[in-house]
Amino acid sequence: MEPMTPISCPTTPRWNQDRPFLTGRFHQETRASSIFADSKRFPLDSSSNYGVEQAIGCYDTPVQELIVIDDLLSALVGIEGRYISIKRFHGKEDGIAFQVDPSMDLALQELAKRIFPLCECYLLIDQFVESSSQFKNGLVNHAFAAALRAFLLDYQAMVAQLEHQFRLGRLSIQGLWFYCQPMMGSMRALAAVVQQSSAKLFVGSGVLNLLQSQAKAMAGDNSVRSLLEKMTECASNAYLSILERWVYEGIIDDPYGEFFIAENRALKKESLSQDSTAKYWNQRYSLKDTIPGFLANIAATILTTGKYLNVMRECGHNVQVPISERSKLTIFGSNHHYLECIKAAHEFASMELVNLIKDKYDLIGRLRSIKHYLLLDQGDFLVHFMDIAREELNKKVHEISVEKLQSLLDLALRTTAAAADPRHEELTCCVDRASLLTTLGMHKDPGSNSIEDPVSIIGLETFSLSYKVQWPLSIVISKKALSKYQLIFRFLFHCKHVERQLCGAWQIHQGIRAMNSKGTAIPRSSLLCRSMLKFISSLLHYLTFEVLEPNWHVMHDRLQSTRSVDEVIQHHDFFLDKCLRGCLLLLPDVLKKMEKLKSVCLQYAAATQWLISSSIDINSQSHSQKTMIRDATVTESIFNFEREFNSELQSLGPVLSKGSQAEPYLTHLSQWILGVSKE
């Protein structure tokens, strides 16, 4: 896949890091032993040395309790106290721990340590809020951080109320522990989320999936689960805003690259007429690996909805889902309303685009036009073209003038019934430099490393037609689809050429019917010519009436009821693939046999004039009395042609019979061929 456009986002200003008092970061940094740090510590006992704290164990237990409560209230909002300090651990996983003065009363130490996890959770969450608010972390992290900040305001309000009770002398350390317990579960759950998110650098879908999985894991604790669901809802609002623009307008408004649909701007719609792999439709917009869990089952629908709206916009039709049919997407609620909104938007976009390409751009009419020319449904122009372009098409590939062929094609189109078709001007000529077998990777000598010499190939073997298709029809009739049409055309065109050559040979035979050919090989030659004609006519009949026409009608009927462009592409590709297989182009063994038989027929047709002229008695007095003479060379040549043709034909029978087990449609062709071989 082509690389996606890199996302550039603003950088956080330096002053935001250089001035920690703006962010509260100064609370979270370990205080070094400095004059500033020491000056903040003041002794309770005036007899102690200036700037040095006495050990807390020097005080009575009631006094210790008051000091501990005061320090704990500071620790609850991430600030070190006089006898409670913060220690940071650095290693594989950075950590934070609160420590107490070891001389503290053991009972007070135990109660303080019960409250420390809440203090540590606050620090982790506060740090996450600060770091996630940077631009580079994306809208989901910004929204999640905003929700956490609002939650921390409630938490800080609780701490302020506790401090107020403490100032009034109504708060003991047991009471502090009692009031802190309800917040413990929520803070621990949020701290676990932010720790995991920070460690794995989650953004966008990763954050939403983490929140959802944690909420499901807390199914037994309703209050914590509700909190995590609320956080998920808040964090997803920004994400759903991006989703809304995509499914309602077909626009990716994703400044930080969080959305699960990637846009490859390097691919342009013009590439559909040049790229034989038709990458544009599948790779211009594609799904990323990280998809929010609540959208995983409908991600493909979301992708195609925006793609359809994009196509219409690029056609100059700024179609959007009507305002009256839009709903604010929310992910919570028992009715899964967001799924219904997405499906409704998809149905609207699908039908609008299908109607656009069917009605305004006349897809069916364009496909019918291609059928007329590339599948030889309208053959009068082709007969005329083959007549006037015979000399040019018989040249070697490197000697052919494509410009001259194009002018001859235009002449043939203007002077036949095709002139009434306004789309005939879309036809162009092209000449490949390789034979059909080589193009299909079925060269007669697959073990050879050498590439087929184009000098030995003439234009009749490589000539093809192309068709100009404009956007948006190029989504359906892409370069890849046109190349399949061209393969079928080349096979049909060469079969028509063989038939015309054999018809010419048959006319030569008919021209000497009045002559006395008794005792010569000419009657045998006439029978051989008729067998060859029947073979090639049977092959063309099979290709046209057993393969192309039935499959075309099936596709035509299916296209009438399609509800999306993807269905249109699917039906069209299925039609082409079935025609390729039915026309033997995907069956190497059968196709090679057919090419060999056509080669024998062409060699025989080219030799017919010599065979006949060599058999006429040039000593006859008048044309009406001319007789045929027996010529050993002519007789041997006719026998050789007959032997080779019948041998190839007979060997084709078992190949078709074997292939018909896997490809039932070959049974019809086998019946035709075996019928010819018995004559």
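Tutor: Let's start where helix H19 meets helix H21: Ile522, Ser525, Leu528, Cys529, Met532, Phe535, Ile536 and Leu539 in H19 meet Met594, Leu597, Lys598, Val600, Cys601, Tyr604, Leu611 and Ile612 in H21. A contact here is any pair of heavy atoms within 4.5 Å. Helices (H or I, at least four residues) and strands (E, at least two) are DSSP runs, numbered from the N terminus. H19 covers residues 522–560 and H21 covers residues 588–613.

Before going on, keep in mind that this is a predicted model, where local features need pLDDT of at least 70, side-chain atom pairs count only at pLDDT 80 or more, and totals for chains, interfaces and linings use all residues. Residues are numbered from 1 along each chain as its sequence is written, and side-chain values use heavy atoms, with hydrogens and water left out.

Two packed helices are described by the angle between their axes and the distance between the axes. For H19 and H21, the angle is about 145 degrees and the axes lie 11 Å apart; the axes are lines fitted to C-alpha atoms over the stretch in contact, and angles run from 0 to 180 degrees between N-to-C directions. The crossing of H19 and H21 is left-handed, meaning that the near helix is turned anticlockwise from the far one by less than a right angle (clockwise would be right-handed).

Now the surroundings. The chain has 23 helices and 6 strands, and of its 679 residues, 48% count as buried (under 20% relative accessible area; exposed is over 50%, partly exposed in between; 1.4 Å probe, protein chains only). Of the contacts with a separation of 6 or more, 73% join residues 24 or more positions apart.

How far can you trust it? The chain averages a pLDDT of 81, with 80% of the residues at 70 or above; pLDDT is the predictor's confidence in each residue, from 0 to 100.

The peptide bond from Trp471 to Pro472 is cis, with omega near 10 degrees, and Pro472 sits in the loop between strand E6 (463–467) and helix H18 (479–511). Then there is Leu201, a non-glycine with a positive phi of about 55 degrees, in the loop between helix H6 (173–199) and H7. Leu201 counts as exposed because its relative accessibility is 69%. Leu376 also has a positive phi, near 55 degrees, in the loop between helix H12 (363–374) and helix H13 (380–388); at a relative accessible area of 13%, though, Leu376 is buried.

Last stop, H7 itself (residues 205–217), which holds Gln214. Gln214 has 18% relative accessibility, so it counts as buried. Beyond four places in sequence, Gln214 is in contact with Ala192, Val193, Gln196 and Leu228.
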